Each structure stands twice: as C-alpha cells, then as structure tokens.
Amino acid sequence: MVLYKIGLEHFAEKTFNSYLKKGLVDTNLETEFYDDYFIRKGEMVSLTIKYSDITRCIENDTNFYLEY
C-alpha cells in the first residue's frame, strides 16, 4: 500500500508538470468569495463551488486544500 501511494504521488507530480509545460494548467488564479459559494477563475477554467459541497478542508501556513 505504501509503494502504491508513493508511486501515485510521483505519477501525479509528473502529470502535473507535463501539463504545466504544455500550458494546459492555469497558474494565475483569482478567487472571489460570496455568502454561499466562491468562484475560482483562471484563463482557461472558471469554477463555482458551493460551501455546502465541500467535504474536507486542510489548511497550513501557506495554502488551503479543499475536497468537493
């Protein structure tokens, strides 16, 4: 199980870096917060996420991660 997790993390990082080099990933994003939802805007994608749809949140000193 540990080897699977390490392999998956390495694969995800390689995939992300590949997409980044090809210009398929938004690197400059803006976030607008509203009462019941927030909007995450990039050059290629815009997401509207309701707070009630968030199932998990992890925050550290520099970032926060949401699962929805």
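Start by selecting Asp35, which sits in the loop between β1 (30–33) and β2. Strands here are DSSP runs of E with at least two residues, helices are runs of H or I with at least four residues, and both are numbered from the N terminus. Residues are numbered from 1 along each chain as its sequence is written. You are looking at a predicted model, where local features need pLDDT of at least 70, side-chain atom pairs count only at pLDDT 80 or more, and totals for chains, interfaces and linings use all residues; side-chain values use heavy atoms, with hydrogens and water left out.

Is Asp35 buried or exposed? Asp35 is exposed, with a relative accessible area of 76%. Buried means under 20% relative accessible area, exposed means over 50%, and partly exposed is in between, using a 1.4 Å probe and protein chains only.

Next, click on Phe38, in strand β2. Phe38 is buried, at 6% relative accessible area. What does Phe38 touch, if you skip its neighbours within four places in sequence? Its contacts are Thr31, Glu32, Phe33, Leu47, Thr48, Ile49, Tyr51, Ile54 and Leu66, where contact means heavy atoms within 4.5 Å. Pick Ile49 from that list: it is 11 residues from Phe38 along the chain, with 5.6 Å between the C-alpha atoms.

Time for the rings. The structure holds 3 aromatic pairs. One of them joins Phe33 and Phe38, tilted, with 5.7 Å centre to centre and 35° between the planes. For the cut-offs, rings of Phe, Tyr and Trp (its six-membered ring) pair if their centres lie within 6.5 Å; planes under 30 degrees apart count as stacked, over 60 as edge-to-face and the rest as tilted. Phe33 itself counts as exposed, at 53% relative accessibility.

Tyr51 is partly exposed, at 30% relative accessibility. Show Phe33, Phe38 and Tyr51 together and you have a cluster linked by ring pairs.

Finally, zoom out. The protein has 1 helix and 5 strands, and along the sequence they run α-β-β-β-β-β. The radius of gyration is 15 Å, well over the 11 Å that the globule rule gives for 68 residues, so the protein is more spread out than a compact globule. That radius is taken over C-alpha atoms, and the rule is 2.2 Å times the number of residues to the power 0.38. Buried residues make up 6% of the 68 residues. Of the contacts with a separation of 6 or more, 3% come from residues 24 or more positions apart.
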